[in-house]
Amino acid sequence: MTAGVTADVRLGLVRRIRRWDVVALVLNCVIGAGIFGLPSRAFALAGTYSLVAYLVCAIVVGLIALSFAEVSSRFSSTGGPYVYARDAFGAFAGFEVGWLLWLARVTAFGSLANLFVDYASIFVPAAGTGATRAVVLISIGVALTVLNVVGVRPSTLVTDAFTIGKLAALLVFVVVGVLFVSRANYSAAAPPSYAHFSQAVLILVFAFSGFEMAVIPAGEIVNPGKQLPFALLLGIGIVVVLYMLIQFVAIGTLPTLATSQRPIADASARFLGAGAAGFVSLGALISISGTLNSIALVTPRLMFAMAEDRLLPRMFGAIHSRFRTPYVAILVSSVVMVALTLSGSFASLAAISTIIRLLTYAATCGALLRLRRQPSAPPAAFTAPFGAFAAAAALVLSVWLLSNSSRSDALTTAIAGAAGLPLFFGYRAWRSRARKQA
């Protein structure tokens, strides 16, 4: 073993994800394609008060991130929110959290992969239609599958590279754009209605979410109890500052922000010239690519963790003897991702990802409160300041945000959760019969 690389003997995984790799993973999981359309959506709902909505969202996400930082510091095994819910509330709750997260991620992959091809067709028009589009989508899935099977280190290095690329593109927009802002665009206006403001915050929570995925590969992180709290809090801090600056520049440079379909591209064209559209499209491609790689990295680890706990068939917990990666879980997840990508059937499920994330956040915040009262709980390497208050407040805020979700999305989420029940109870019954026959 090289310096800084250790093996988790129980899991058979190798700890090759280091501190700044985890920070890059947090940033890649949060900063996706949404930021390229987010400024106009938030402005249309809340106007200049969208900046206040960002602050409210930052408080909400900050409280949740504090809870994640403490709870993640208690565990060194793979699974993230699934493990937290399992230890705090039992196997069934853990399975439902893991199942819903896995489902949300495979559908998100399908959505983002199709969006990637849409942006790529700007440069190569043939990539957006017919058989060529299918070939490109399959190639994306195959390339990311191979990358993740051959080792976690190559995948994290690619993640690092995409993080640098996406931050560079957005920083150019902010640094140059701030020189062209117009004060007149910030004129006082009537405050938005409660409904519109809360909807703006809900949209922003979706844009700030994703950091919960970075804790899943804890079994491959060097000293996760120390590195995860650091990466979570630093990563969220960077995202808050960057997103607020992007919104500030968009408001100050684009008078038609509320109706813009491509706000960053349209704003860039005003101060960078007509050629800015290509620059922004390239930045979007880099950003989407990084997020796709992060999803391909972390999603199979949920399946792997549940198989390790015998909540899924043991084959999903198989580890490659050479590459030390959960290759069966990677292959199965990749097949589902590519199938959804080609079919387009992910659309209805993609709409519920915010609800699933909020439920995951509520479960982890509840786990903090529960684990603090359990003498047998693993010790915390990081204790969140005012942690109990932060967790309780985050729970209340999560309920508030969930109350603003549509009934149709809530029903779809319930159906998605119920879809995993036959798998959970069916496999448990099979294991019980197998033990009796042994």
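Helices (H or I, at least four residues) and strands (E, at least two) are DSSP runs, numbered from the N terminus. The structure described here is a predicted model, in which local features need pLDDT of at least 70 and side-chain atom pairs count only at pLDDT 80 or more, while totals for chains, interfaces and linings use all residues. Residues are numbered from 1 along each chain as its sequence is written, and side-chain values use heavy atoms, with hydrogens and water left out.

The protein chain contains 17 helices and 2 strands. Its C-alpha atoms occupy a box of roughly 75 × 50 × 50 Å along the principal axes. The radius of gyration, taken over C-alpha atoms, is compared with a globule rule of 2.2 Å times the number of residues to the power 0.38. For 438 residues, a compact globule would have a value near 22 Å, and the 21 Å of the protein chain agrees with this.

Of the 438 residues, 55% are buried; buried means under 20% relative accessible area, exposed over 50%, and partly exposed in between (1.4 Å probe, protein chains only). Contact means heavy atoms within 4.5 Å. Among contacts between residues at least 6 apart in sequence, 83% join residues at least 24 apart. The protein chain exposes about 17,400 Å², of which carbon and sulfur atoms supply 68%; accessible areas come from the Shrake-Rupley method with a 1.4 Å probe, and for residues only the protein chains shown count as cover.

Backbone geometry was examined at two loop positions. Most residues other than glycine have a negative phi. Arg324, however, has a positive phi, near 55 degrees, and is found in the loop between α11 (276-308) and α12 (327-343). Arg324 counts as partly exposed because its relative accessibility is 27%. A positive phi near 55 degrees is also assigned to Phe386, which is found in the loop between α14 (353-372) and α15 (387-403). With 71% relative accessibility, Phe386 counts as exposed.

A further position lies within a helix. Ser198 is placed in helix α8 (residues 194-208) and counts as buried because its relative accessibility is 0%. When residues up to four places away in sequence are not counted, Ser198 touches Trp400 and Asn404. Ser198 and Trp400 are 202 residues apart along the chain, and their C-alpha atoms are separated by 8.9 Å.
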